[in-house]
Amino acid sequence: MGKDVIVACDFSSKEEVLTFLDKFTGRKPFVKIGMELFYGAGPEIVREIKKRGHKIFLDLKLCDIPNTVKKSMAVLSNLDVDMTNLHASGTIAMMEAALEGLTRPDGTRPILIAVTQLTSTSEERMKKDLLIDAPIDQVVMHYANNAKIAGLDGVVCSPLEAEKVHARCGKDFITVTPGVRFKDGDIGDQVRVMTPEEAKKIGSDYIVVGRPITAAEDPVAAYERCVREFID
Ligand code: C5P
């Protein structure tokens, strides 16, 4: 599985994201499009960015009844995205339906990964709001394993969980890890962070990097640095 740096394009308008991507005249980064941009700019933004030669991770975190997710995944697959995701809490049946919907007539499909527990959910909220009594680590690993059973390719997880996910679900099960910061950079609102080099060492397959690149004075240089530290 190819290692790569995915740039989180957390912009709210088409103009902003295209102005940002215009700076990349050499290597075209793998780009993450989230709900804000997708709902603001519509599916056309995916086609436009794809046309410019970028791979796309469409981060919409689907969760609904299996039939609805299956049909929605078919639409995303037609958009020709390279990676997309859903909530593992939707059950194994929902994840299996998603895979079915995502698979094109020629057998190809985008990479499908699962969100386990959102990192914004604390163990306390999980117990009180969701009535889940198991320790959060156990829940994350159980959901990752469910994703594996359903036939998904991997999970989004914190870089600190990547090793454990690989130990439980196998080396080929993809870990996509946000929360990456340069050694000399601002942490911002992230709590548990790793440098690209550390993420490489612990075996992350893809790192998702937003502000260290999008808010950098020279985004292209920051991206190249990330690639150097994580891949080269
Ligand atoms: O700017 P920053 O590098 O913190 O951006 C990280 C990206 O990864 C954002 O798009 C954020 O929503 C996403 N993300 C995250 N933590 C998670 C899941 C997704 O930071 N657990």
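**Legends to the structural views**

**View 1. Overall fold of the chain in the predicted model.** The secondary structure of this predicted model consists of 11 helices and eight strands. The radius of gyration of the chain is 17 Å, close to the 17 Å given by the globule rule for 232 residues, so the chain is as compact as a globular protein of that length. The C-alpha trace spans about 45 × 40 × 30 Å along its principal axes. Of the contacts in the chain with a separation of 6 or more, 66% are accounted for by residues 24 or more positions apart.

**View 2. The largest nonpolar core.** This core holds 63 residues, among which Leu86 and Ile213 touch the most other members. Helix H7 (residues 136–150) supplies the largest share of the core, eight residues. In soluble globular proteins, nonpolar side chains tend to be buried together. Buried residues make up 50% of the 232 residues in the chain.

**View 3. Surroundings of Ile213.** Residues up to four places away in sequence being left out, Ile213 touches Val5, Val7, Phe20 and Phe24, together with Pro219, Ala222, Tyr223 and Cys226.

View 4. A separate core of 13 residues includes Ala8, Phe57, Val176 and Val208.

**View 5. Surface and charged side chains.** The accessible surface of the chain comes to about 11300 Å², and carbon and sulfur atoms contribute 51% of this area. The chain carries 31 positive and 35 negative side chains. The centres of these two sets lie 2 Å apart.

Notes: Residues numbered from 1 in each chain as written. Predicted model: local features only at pLDDT ≥ 70, side-chain atom pairs only at ≥ 80, totals over all residues. Heavy atoms only, no water. Helix = DSSP H or I, 4+ residues; strand = E, 2+ residues; numbered from the N terminus. Rg over C-alpha atoms; globule rule 2.2 N^0.38 Å. Buried < 20%, exposed > 50% of the residue type's maximum accessible area, 1.4 Å probe, protein only. Contact = heavy atoms within 4.5 Å. Areas by Shrake-Rupley, 256 points an atom, 1.4 Å probe, with all protein chains shown as cover. Lys, Arg positive; Asp, Glu negative; His and termini not counted. Charge placed at Lys NZ, Arg CZ, Asp CG, Glu CD. Core = buried A, V, L, I, M, F, W, Y, C linked by side-chain atoms within 4.5 Å.
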